[in-house]
Amino acid sequence: MNAYDACSYSIRATTSEGMTLLQDGIPVREALQQGQVDYFQFPVGARQDDLAIIVTDLGTGDPDLFVGLTPRPNATTAIWASRSISSDSVIITLDDPAACA
């Protein structure tokens, strides 16, 4: 998560090494100042469905979403990214060749 502008947001998608561990379907509410970065971790395991990671702008900024298979992905290293104005989402399909098996 990278704050293009100061923002509050809610993200769904789990903590080790200073990262928040997300749980399936349980939203986490956070706030960042412009330029701040926050990292989250989500255990995938053996997936049976597509994985949707959604960050919902709570009306105060523009969060961006960067997703990778290694800790701390960014705009350069992310495999999947969403930089839409306001809320963002990444859908990782079961047949995505970059996805974990």
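## Secondary structure and surface

The protein has 0 helices and 9 strands, where helices (H or I, at least four residues) and strands (E, at least two) are DSSP runs numbered from the N terminus. Along the sequence the pattern reads β-β-β-β-β-β-β-β-β. The model is predicted, so local features need pLDDT of at least 70 and side-chain atom pairs count only at pLDDT 80 or more, while totals for chains, interfaces and linings use all residues. Residues are numbered from 1 along each chain as its sequence is written, and side-chain values use heavy atoms, with hydrogens and water left out.

Of the 101 residues in the protein, 34% are buried. Buried means under 20% relative accessible area, exposed over 50%, and partly exposed in between (1.4 Å probe, protein chains only). The protein exposes about 6000 Å², and carbon and sulfur atoms supply 50% of that area. Accessible areas come from the Shrake-Rupley method with a 1.4 Å probe; for residues, only the protein chains shown count as cover.

## Strand 6 and its pairing with strand 9

Strand 6 covers residues 51–57. Strand 6 is joined to strand 9 (residues 88–92) by 5 bridges, and the two run antiparallel; two strands pair if DSSP finds at least two bridges between them. Asp-88 in strand 9 is the bridge partner of Val-55.

Leu-51 has a relative accessible area of 13% and is therefore buried. Leaving aside neighbours within four places in sequence, Leu-51 is in contact (heavy atoms within 4.5 Å) with Phe-42, Val-44, Val-90, Ile-91 and Ile-92.

## Val-90 and the end of strand 9

Val-90 lies in strand 9 and counts as buried because its relative accessibility is 4%. With neighbours within four places in sequence set aside, Val-90 is in contact with Leu-51, Ala-52, Ile-53, Leu-65, Val-67, Trp-80, Ala-81 and Ser-82. The C-alpha atoms of Val-90 and Val-55 are separated by 9.0 Å, and these residues are 35 apart along the chain.

Thr-93 is in the segment after strand 9. At 27% relative accessibility, Thr-93 is partly exposed. Its side chain makes a polar contact with the side chain of Asp-95 at 2.6 Å. A polar contact is a pair of N or O atoms within 3.5 Å; within protein, one must be able to donate a hydrogen and the other to accept it, and residues adjacent in sequence count only if both atoms are side-chain atoms. Thr-93 and Ala-52 are 41 residues apart along the chain, with 8.5 Å between their C-alpha atoms.

## Strand 7

Strand 7 is largely enclosed by the rest of the structure, because 5 of its 5 residues are buried. Both faces are covered: Pro-63, Leu-65 and Val-67 are buried on one side, and Asp-64 and Phe-66 on the other. Strand 7 and strand 8 run antiparallel and are joined by 3 bridges. Trp-80 in strand 8 stands opposite Val-67.

Phe-66 in strand 7 has a relative accessible area of 10%. Phe-66 and Thr-76 are 10 residues apart in sequence, and their C-alpha atoms are 9.1 Å apart in space.

## Loop residues

Asp-62 sits in the loop between strand 6 and strand 7. Asp-62 is buried yet has no salt bridge, the nearest side chain of opposite charge being Arg-83 at 9.6 Å. Here a salt bridge is a side-chain nitrogen of Lys or Arg within 4 Å of a carboxyl oxygen of Asp or Glu. For charge, Lys and Arg count as positive and Asp and Glu as negative, while His and the chain ends are not counted. The side chain of Asp-62 reaches the backbone nitrogen of Ser-86 at 3.1 Å.

Ser-86 lies in the loop between strand 8 and strand 9. Ser-86 is not a glycine, but has a positive phi of about 80°; its relative accessible area is 28%, which makes it partly exposed. Arg-72, in the loop between strand 7 and strand 8 (80–82), has a positive phi of about 60° although it is not a glycine. Arg-72 counts as partly exposed, at 36% relative accessibility.
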